[in-house]
Every structure is written in structure tokens, then in C-alpha cells.
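Please find below a colleague's note on the model under review.

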Amino acid sequence: MNKICVFAGTTEGRRLAQLLAANEMDVTACVATEYGQTLLSPSECLRVRAGRMEPEEMERMMRQERFDLVVDATHPYARVVTENVLAACQAAEVDYLRLLREESTVPDGAVTVPDSAAAAAFLDATEGTILLTTGSKELAQYASGIRDFGQRAYVRVLPMESSLQACQAAGVPAGHIIAMQGPFSEELNAAMLRSVSARYLVTKESGDVGGFAAKAAAAQQTGAVLVVVGRPPSREGMSLSAVLEEIQRRFGMQLYPRISIVGLGPGAEACMTGEARAAIARADCVVGARRMLAVAAPGQDVLEAATPQAMAETILAHPEYGSIAVVMSGDTGFYSGTRKLVQYLPNHPVEILPGISSLSYLCARLSCSYEDVACVSLHGRTRPIAEEVRANRRIFVLVGGSTGAKDLCRVLTESGLGAVKVYVGERLSYPDEQIRTGEARELAEQDFAPLSAVLIENPAADRAVGIGLPDSEFCRGSKPEGMVPMTKSEVRAVCLSKLQLTERSVCWDVGAGTGSVSVEMALQARRGQVYAVERVQEAAALVEENRRRFSLDNLTVVSGCAPEACRELPAPDRVFLGGTSGRFREIIALALEKNPDVRIAAAAVSLESVAELTACMEAFPGLEWETVCLFVARTREAGHYHLFSGQNPVYLFTMQARSGTE
């Protein structure tokens, strides 16, 4: 295991130490104060050494520990410490890298001075309140160099006993001491400037990571004069990204940041869990969509990305962050981008923190449970929602877009479900939250917020999906002599039972006729997809009409001759062959080519079709065949009597790969 020592006197130093330790490198982090120690989390791979060291102590430690590398990540203004670390490394013959914070651009109009003494001299010649944000070490210099220092100056220091003692020694009144730990956002800096009516803001050029940009923006916002103490002369160094690249090159390894994927709940900050807040607070950077970042990460480094792929690309492009919190709306396990994001980051250590889902939140607002609620997302997805509502007494729907909830109610109304009760929760958890209730037909005429979730109640739902619907349910054309062929109810029921459809089956119905088999396939495979292939245009139009009649979004009509019309279709796991124009063998071959395990059922009425299917039994010896002959008789009236009238016999062939064959 490689041993690295990091003098972690800066945010970047702490990030580096924690990132190296998270990647199982043996890390010793040296900090000057006990307060600095509290900002690091010791672990099996990370030891924290607190306290200032003389050059001799540094050298002794380096000789004893035999580090492979020492990284000096001390503050840009800690010039003496940097020289001591370098001298100790040279004496102990340990490799040395300087991690130097990148400089910020000083805005026009700022007063730049070389050191604290020059800053004090400038301020002594001015009038007005001063906010000092340069720390506690130089307070004595400011106190002795600025007249009326105790009345004019407010100082912001770390909440440490040594800082407070320095304030007391400099004569700073207790009411002029702001003891706080950053980071400080632009708004927080501006609020402090306004609260003390500051005319001057004094800061070191500590880089954007050190909060310089936020201070400069706050000074401009409030009209305060920005006084910048320039950096002392320093040896050249490397950025955090460059240091990471050098460590990876030197030790032949890849460094991965720690990732926390955090569910924020419905949206408002009040709905975040304590665990989510803690994960965000300890992260070096927060990644997410703009709306999420505004709620979750005020004052922190943020990177905007909305999709899982964009989030992963953003994380990979910023190796300088040792720990990253990715914020997701709602719950990480409920229609979230979390699963895809994890797939994009296979080598990263990831923890997943759940949040309050919109389902649980809406049901809580409605004072109802949700253990019997079926869930569907229409956000970026297509689902046969009418059939879902017909099949479930209660269903929760996530909708997307500016007209999502309205469009949902319209579809339900057009599908004959206008009377179902609908609850639309708009901007859940926000101050302007609203829940509207009504029948689907009523709400189809209203507009809703884009951030909406819907609960639907259908007391008349029938969860059972039967097979063999009455023939009268299907449209067959306007004239009896022009009726399109249709697989009759009894035969259809047996065919579907032989196919053994699942809820997610992908099906072909070749020679669909009126589409009666296609419709019942789609009703059973409601989470799958059905392709009705029909070469006769009039029949294809009837299939489309029956699709609309049953409101089946998972049924697609394909006009054309099989097998040519099937070549671009997805691989099926179930195929029904009705009318094939004598091309059974070619269609079966194509289906097997796309999926060797496909299950096929074929119905034959004519002797020619029976003969062709019988020949297929020899042509495809790797299949296991079953043949059934169906005789159906229906009653008819004859005067005062009811007699059975026999229908044409139907031969049903079922085939699938033999168990154990490839």
C-alpha cells in the first residue's frame, strides 16, 4: 500500500486526503489545529495528526513513516510552512509536490495591497465600518495600524478558542466578533455586510475554493469597497487536478470519488431527510438539475446536470472532488435516474440514500394508505394507461410536461373512463401546493402545473383479464358480405392459452384479420408490445379501429406481407400465425432467427394449410410440436327448438424449441 502524507491546511488538501484514503491508500493528514482535525473523518486508511510542527519534527516524522510522497496543500499565504515542509522533504529524501490553489481574478475597482500592514495603512486613512475576513493571525497588526479599530472593525474568524483569544488581545468588542465556519455564499456575505453597514470588506486572494469570488460579488452587490491582500511570493505549484493526475501516473492507479446519490423528496427543503442533509453537507460538490440544486446546496460547489448520462459525464470530468452528492427528486428507488447513473459509474464507490416519494407524500396529504396502489410513470414513457386503470382500483401516475395531467384525463375520458375519480397533486411540498379532485371528464378541461402527480380511483376495476372475448366486441366491417375473417371466441381462447403469454411478452400476430387475437394479446401482455401484421389494407384499418376501441397503446398495426414486414420488428417471444398466404415455413424461420426460444401457435382451417404445417414439423426438427383439432358447435333456433350447428374444424399447431436444445 502506498503511503502519502498530505499537509491539509486547505479545502483542497482535505479533499485530496479523503479521496486517497477512500481509494485505499495509506494517508497521513497533517493539520495545524484541533479545529482542522474536526473537518476530516479518520478511517482505517486515514490518520489525522493535529498540531503545529517545527521543521525538525516534520523531518523526524518523514524519516519514521517513510512516505512515498508528501503533498504540501497548505494555504497560499502560509509561506513559512511551505518552506519548512520542502526543507524537511529534502532532508528526509522524500518526494515533494506543491498543491497550490489557483488564483482568482480581482475585479475592477478593488484595492489591492501587498500585505496586512499595507491594508491597515490604507484603511487608517478612510472612514466607515470595516468587515475583516482575513482570519485572526494578523489582527494585532490591524488593531495597531487602524485608528478607532475597536469601533470601526468587525472581524469574522473561525469558531476556535485561539481565534477568540486573538480577538480579545486585539481589543475587538464581543459584539464585533463573527465566529463562523464557511463556506459562505454571496448572499450570506452580503447579509453580513449589510448587517454591520460595512463600507470596506477586507479579504485575502484565497481563490474561488476559498470563497474569494463570493466575497467579491457580495461587495459589488452592497457597494462595499473590496480590499484585497495579495498573495506573498511563493514557489510554483500544481492544481488539485494536476496533482491527482500525477499521483495516478506515479502509482499506476485510478482514483474514484465517493458518490452519494441522494433522494430529496417532493422538492421543498423541509421534506429532505436528516441523512440527505448530512450527505450533502459533507460533499465537496453537489451535482443535479437546477431545481434540485437551488433547494439542496446553497453556498456549495455545484455542477448542473439533469440526466443520468450527463451526471456521470460531469462527475468523470471533475476528478478534483473527492466526494460528490448527486441529488435526485423524490425517492432514489421510485422511477428515479439512480439505476442508470449507477450503471454509468461501475467503478465508483456509491451509497444510495432514499427520499420521500411523491406517491407517499400525496397519499399522506389525502390521508390514505398506498399498499394497494399500482404505480405507473408516463414521464418520458409510453404505457397503455387506460388498460392499467381498468385493471386496478387505485393507480398512481407520474406525469411529465406542461399538459401531462390534462392529457391523462383526456385519454381516460376518450377511453370510456371519464367517470373515474382523479386526484391531481400540483407542486407538492411547495408553499403553493394544491390538490384538485374530480372526475376525469371534468379535469380534462383544466390546466395543471408541470410538477404534478395523479392518483386515480376506479371502483369498477376488474383485475382479471379473461380470454375469449365475445365476438360482438370487435368491429368487422359495415357489410356482412364484406366482413374480414376473424378467429372466433372459442378458438381464440385455446390459441391464447397455448401461447402462454406473460405480462411483458413481445408478440407478433401475423395475418391479423380484424385483430381479435392482437387485441387479446395486448390485454394480457399489458406491459409488453404486440405487432399486428396484415397485408390487406381494409383489414389493417379494422385492426386499428379495434385498437382504438380497446384503448391499447401497446398494440401496433404493421401493414405489409410477412415475412418481409416482420424483418424490422423486435424479436418476439410469442407468435400467432393466422393468415400467412402459404408462407408458414419462411415466417417460422424468421421468428426462430430472431429468437430461438420463441413460442409459436398457428391455426389452420384448409387442408392445404394443415399440409404445409405438417411439412414444417419435418423442416424444423429442433422444435417440440403439439397438434390439436378443435370442433366447435353453436346453437341455432329451428322453430321451437334449439339445435347445435357445427363450425369448421380448426387445427392448432404449437411449437417451441425442445427443452435443452440450442
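1. Ser367 sits in the loop between helix H16 (358-365) and strand E17 (374-377); helices (H or I, at least four residues) and strands (E, at least two) are DSSP runs, numbered from the N terminus. Its phi is near 55 degrees, a positive value in a residue other than glycine. Ser367 is exposed, with a relative accessible area of 69%; buried means under 20% relative accessible area, exposed over 50%, and partly exposed in between (1.4 Å probe, protein chains only).

2. On provenance, this is a predicted model in which local features need pLDDT of at least 70 and side-chain atom pairs count only at pLDDT 80 or more, while totals for chains, interfaces and linings use all residues. Residues are numbered from 1 along each chain as its sequence is written, and side-chain values use heavy atoms, with hydrogens and water left out.

3. Two further backbone details deserve a check. Ser581, in the loop between E25 and H23, has a positive phi near 55 degrees, again in a residue other than glycine, and counts as exposed at 52% relative accessibility. In the loop between strand E24 (555-559) and E25 lies Pro563, which is joined to Ala562 by a cis peptide bond with omega of about 10 degrees.

4. Helix H23 (residues 584-594) has Phe584, Ile587, Ile588, Leu590, Ala591 and Leu592 buried. Which elements cover these residues of H23? The cover includes the strands E22 (506-510), E25 (574-577), E26 (599-604), E27 (623-630) and E30 (650-657), together with helix H24 (607-619), where contact means heavy atoms within 4.5 Å.

5. An open sheet of five parallel-paired strands has the order E14-E13-E15-E12-E16; two strands pair if DSSP finds at least two bridges between them. Strand E14 (302-304) and strand E16 (350-353) stand at the edges with a single partner strand each, so one side of each lacks a neighbour in the sheet. On average, and with direction ignored, neighbouring strands of this sheet are turned by 20 degrees against each other. Axes are lines fitted to C-alpha atoms, for helices over the stretch in contact, and angles run from 0 to 180 degrees between N-to-C directions.

6. Within that sheet, strand E13 (residues 285-288) pairs with strand E15 (residues 323-328) in the parallel sense over three bridges, and Val287 stands opposite Val326 in E15. Helix H12 (residues 274-282) lies across strand E12 (258-263), E13, E15 and E16, running at about 145 degrees to E12.

7. Strand E11 (residues 225-229) is largely enclosed by the rest of the structure, because five of its five residues are buried. Val225, Val227 and Val229 point one way from E11, and Leu226 and Val228 point the other way. E11 runs parallel to strand E6 (residues 111-113), joined by three bridges, with Val229 as the bridge partner of Val113. Strand E10 (residues 198-204) is likewise parallel to E11, through five bridges, and Leu201 has Leu226 as its bridge partner.

8. The second largest pocket holds about 1200 Å³ of space. Of the 39 residues lining this pocket, the closest to its centre are Ser329, Tyr335, Ser336, His379 and Leu398. Helix H13 (290-296), helix H14 (308-316), E15, helix H15 (338-344) and strand E21 (452-457) each give two or more residues to the lining. On a 1 Å grid over the protein atoms alone, a pocket is an open set of points where a 1.4 Å probe fits, with protein on both sides within 12 Å along at least five of seven lines; lining residues have an atom within 4 Å of a point.

Key
Grid points are joined across faces, edges and corners, and a volume is the space filled by probe spheres set on the points.
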